[in-house]
Amino acid sequence: MSTEPFLPTRPPRRTHETAQYWDGCAEGRLLLPKCNDCGELIWYPRLFCPFCASTSVDYTEVSGRGTIYSFTIMRRGSGPFRDHAPYVFAYVELEEGPRLTTNIVGADPESVFVGQAVQVVFEPAGDGEAIFRFTPIG
Ligand SMILES: [Zn+2]
(Lines give C-alpha, C1' and ligand atoms only; values in the text may rest on other atoms or scores of the structure.)
Protein backbone atom coordinates (compact mmCIF):
# COMPACT_ATOMS: atom_id res chain seq x y z
CA MET A 1 0.00 0.00 0.00
CA SER A 2 1.28 3.48 -0.80
CA THR A 3 1.70 5.91 2.06
CA GLU A 4 -0.13 8.76 0.34
CA PRO A 5 -3.33 8.23 -1.62
CA PHE A 6 -3.54 9.34 -5.24
CA LEU A 7 -6.86 10.97 -4.41
CA PRO A 8 -8.18 12.26 -1.10
CA THR A 9 -10.34 10.10 1.13
CA ARG A 10 -11.58 9.91 4.69
CA PRO A 11 -11.65 7.01 7.14
CA PRO A 12 -14.69 4.79 6.52
CA ARG A 13 -17.66 4.57 8.85
CA ARG A 14 -17.63 0.99 10.08
CA THR A 15 -20.78 -0.91 11.00
CA HIS A 16 -21.23 -4.48 12.19
CA GLU A 17 -22.26 -5.32 8.62
CA THR A 18 -19.14 -3.83 7.02
CA ALA A 19 -16.41 -4.48 9.63
CA GLN A 20 -15.07 -7.59 7.84
CA TYR A 21 -15.06 -5.73 4.54
CA TRP A 22 -13.02 -2.86 6.03
CA ASP A 23 -10.69 -5.30 7.80
CA GLY A 24 -9.99 -6.83 4.39
CA CYS A 25 -9.22 -3.46 2.84
CA ALA A 26 -6.83 -2.65 5.69
CA GLU A 27 -5.07 -5.97 4.99
CA GLY A 28 -4.93 -5.32 1.22
CA ARG A 29 -7.60 -7.92 0.44
CA LEU A 30 -10.86 -7.30 -1.39
CA LEU A 31 -13.57 -9.20 0.47
CA LEU A 32 -17.14 -9.28 -0.81
CA PRO A 33 -20.21 -10.80 0.79
CA LYS A 34 -21.35 -14.04 -0.86
CA CYS A 35 -24.72 -15.66 -0.35
CA ASN A 36 -24.52 -19.19 1.06
CA ASP A 37 -27.94 -20.06 -0.39
CA CYS A 38 -27.89 -18.79 -4.00
CA GLY A 39 -24.13 -18.24 -4.43
CA GLU A 40 -24.36 -14.64 -5.66
CA LEU A 41 -21.63 -12.15 -4.83
CA ILE A 42 -23.10 -9.04 -3.26
CA TRP A 43 -22.05 -5.46 -3.75
CA TYR A 44 -22.21 -3.24 -1.69
CA PRO A 45 -21.24 -4.90 1.61
CA ARG A 46 -24.22 -6.08 3.67
CA LEU A 47 -25.25 -9.19 5.51
CA PHE A 48 -28.33 -10.14 3.56
CA CYS A 49 -28.73 -11.28 -0.02
CA PRO A 50 -30.57 -8.85 -2.33
CA PHE A 51 -31.09 -11.70 -4.81
CA CYS A 52 -32.86 -14.25 -2.58
CA ALA A 53 -33.32 -12.43 0.76
CA SER A 54 -31.15 -14.95 2.62
CA THR A 55 -29.34 -13.79 5.72
CA SER A 56 -26.76 -16.58 5.35
CA VAL A 57 -23.91 -14.50 3.96
CA ASP A 58 -20.15 -14.79 4.47
CA TYR A 59 -17.31 -12.68 3.18
CA THR A 60 -15.08 -14.19 0.50
CA GLU A 61 -11.91 -12.86 -1.13
CA VAL A 62 -12.11 -11.93 -4.81
CA SER A 63 -9.28 -11.54 -7.31
CA GLY A 64 -9.23 -7.75 -7.45
CA ARG A 65 -8.96 -8.01 -11.24
CA GLY A 66 -11.50 -6.57 -13.60
CA THR A 67 -12.15 -4.34 -16.57
CA ILE A 68 -13.42 -0.81 -16.93
CA TYR A 69 -17.14 -1.02 -17.72
CA SER A 70 -17.64 2.74 -18.03
CA PHE A 71 -15.89 5.87 -16.90
CA THR A 72 -15.79 9.64 -17.04
CA ILE A 73 -12.94 12.09 -16.66
CA MET A 74 -13.69 14.64 -13.97
CA ARG A 75 -12.06 17.81 -15.26
CA ARG A 76 -13.06 20.04 -12.34
CA GLY A 77 -12.95 18.68 -8.82
CA SER A 78 -14.76 20.26 -5.91
CA GLY A 79 -14.09 20.20 -2.17
CA PRO A 80 -11.12 17.99 -1.33
CA PHE A 81 -10.85 16.94 -5.01
CA ARG A 82 -10.44 20.52 -6.24
CA ASP A 83 -6.68 20.25 -6.73
CA HIS A 84 -6.76 16.72 -8.16
CA ALA A 85 -8.55 17.17 -11.49
CA PRO A 86 -8.44 15.70 -13.99
CA TYR A 87 -9.17 12.31 -12.44
CA VAL A 88 -11.19 9.27 -13.48
CA PHE A 89 -14.46 8.10 -11.94
CA ALA A 90 -15.36 4.65 -13.21
CA TYR A 91 -17.42 1.51 -12.99
CA VAL A 92 -15.15 -1.52 -12.79
CA GLU A 93 -16.60 -4.94 -13.50
CA LEU A 94 -14.79 -7.56 -11.44
CA GLU A 95 -13.82 -10.88 -13.03
CA GLU A 96 -16.30 -12.39 -10.58
CA GLY A 97 -19.14 -10.19 -11.88
CA PRO A 98 -20.04 -7.32 -9.55
CA ARG A 99 -19.61 -3.75 -10.81
CA LEU A 100 -18.06 -1.28 -8.38
CA THR A 101 -17.89 2.50 -8.57
CA THR A 102 -14.34 3.65 -8.02
CA ASN A 103 -11.52 5.86 -9.21
CA ILE A 104 -8.83 4.82 -11.67
CA VAL A 105 -5.48 5.93 -10.32
CA GLY A 106 -1.84 5.70 -11.39
CA ALA A 107 -2.59 6.42 -15.03
CA ASP A 108 -2.98 9.40 -17.33
CA PRO A 109 -6.76 9.94 -17.43
CA GLU A 110 -6.55 10.36 -21.22
CA SER A 111 -5.13 6.81 -21.52
CA VAL A 112 -8.12 5.15 -19.83
CA PHE A 113 -10.58 3.19 -22.00
CA VAL A 114 -13.64 0.95 -21.70
CA GLY A 115 -12.59 -2.67 -21.49
CA GLN A 116 -9.17 -1.83 -20.04
CA ALA A 117 -7.79 -4.43 -17.63
CA VAL A 118 -7.39 -3.09 -14.11
CA GLN A 119 -6.24 -4.35 -10.73
CA VAL A 120 -7.33 -3.25 -7.30
CA VAL A 121 -4.99 -1.08 -5.23
CA PHE A 122 -5.54 -0.04 -1.65
CA GLU A 123 -4.97 3.50 -0.55
CA PRO A 124 -4.59 4.72 3.03
CA ALA A 125 -7.71 6.36 4.41
CA GLY A 126 -6.38 7.41 7.82
CA ASP A 127 -6.75 5.74 11.23
CA GLY A 128 -5.17 2.52 9.83
CA GLU A 129 -8.01 2.13 7.34
CA ALA A 130 -7.79 1.74 3.56
CA ILE A 131 -10.10 2.02 0.59
CA PHE A 132 -9.89 0.33 -2.80
CA ARG A 133 -9.28 2.00 -6.11
CA PHE A 134 -8.14 0.48 -9.39
CA THR A 135 -5.13 0.93 -11.64
CA PRO A 136 -4.51 -0.28 -15.20
CA ILE A 137 -2.35 -3.38 -15.65
CA GLY A 138 -0.13 -4.29 -18.56
ZN1 LIG B 1 -28.92 -15.33 -2.20
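Is alanine 53 buried or exposed? Alanine 53 counts as exposed, because its relative accessibility is 59% and the mark for exposed is over 50%. Keep in mind as you explore that this is a predicted model.

**The zinc site**

- Start with the zinc ion, which is coordinated by the SG atoms of Cys35, Cys38, Cys49 and Cys52, at 2.3 Å.
- The angles subtended by the four donor atoms run from 104 to 118°, which makes the arrangement around the zinc ion tetrahedral. For comparison, the ideal angle for four tetrahedral donors is 109.5 degrees.
- If you look for the donor residues in the sequence, you will find them spaced C-x2-C-x10-C-x2-C.
- Cysteine 35 belongs to strand β1, while cysteine 52 sits in the loop between β1 and β2 (57–61), so this pair ties together parts that are 17 residues apart in sequence.
- These two cysteines also fall into separate accessibility classes. Cysteine 35 has a relative accessible area of 3%, so it is buried. Cysteine 52 has a relative accessible area of 36%, so it is partly exposed.
- For a sense of distance, take cysteine 52 and threonine 18: they are 34 residues apart along the chain, and their C-alpha atoms are separated by 20 Å.

**The largest pocket**

- The largest pocket holds about 670 Å³ of space.
- Its lining is made of 20 residues, and those nearest the centre of the pocket are Thr9, Arg10, Pro12, Trp22 and Ile131.
- Which elements each supply at least two residues of this lining? They are α1 (19–26), β5 (99–104) and β7 (129–136).

**The nonpolar core**

- In the largest nonpolar core you will find 26 residues. Tyr21, Leu30, Leu94, Ile104, Phe122, Phe132 and Phe134 are the ones with the most contacts inside this core.
- Several elements give two or more residues to this core: the helix α1, together with β1 (31–35), β3 (65–74), β4 (87–94), β5, β6 (117–126) and β7.

**Cis peptide bonds**

- The peptide bond that runs from tryptophan 43 to tyrosine 44 is cis, with omega near 15°. Tyrosine 44 is part of the loop between β1 and β2.
- Alanine 85 and proline 86 are also joined by a cis peptide bond, and here omega is about -5°. You can find proline 86 in the loop between β3 and β4.

**Positive phi values**

- Alanine 53, the residue from the opening question, has a phi near 70°, a positive value in a residue other than glycine. Its place is in the loop between β1 and β2.
- Aspartate 127 has a positive phi too, of about 55°, although it is not a glycine. This aspartate lies in the loop between β6 and β7, and its relative accessible area of 72% makes it exposed.

- Where is arginine 14? Arginine 14 lies in the segment before α1. With 36% relative accessibility, it counts as partly exposed.
- Between arginine 14 and serine 56 there are 20 Å in space, C-alpha to C-alpha, and the two are 42 residues apart in sequence.
- Glutamate 123 has its place in strand β6. Although glutamate is a charged type of residue, glutamate 123 counts as buried, because its relative accessibility is 1% and buried means under 20%.
- The C-alpha atoms of glutamate 123 and phenylalanine 51 are separated by 31 Å, and these residues are 72 positions apart along the chain.

Note on methods
Residues numbered from 1 in each chain as written. Predicted model: local features only at pLDDT ≥ 70, side-chain atom pairs only at ≥ 80, totals over all residues. Heavy atoms only, no water. 1 Å grid on protein atoms, 1.4 Å probe; cavity = no way out; pocket = protein on both sides within 12 Å on 5 of 7 lines; lining within 4 Å. Points joined across faces, edges and corners; volume = space filled by probe spheres on them. Helix = DSSP H or I, 4+ residues; strand = E, 2+ residues; numbered from the N terminus. Core = buried A, V, L, I, M, F, W, Y, C linked by side-chain atoms within 4.5 Å. Buried < 20%, exposed > 50% of the residue type's maximum accessible area, 1.4 Å probe, protein only. Donors = N, O, S within 2.8 Å, 3.2 Å for Na, K, Ca; no water. Tetrahedral: all angles 85-135°; square planar, octahedral: opposite > 155°, others 65-115°.
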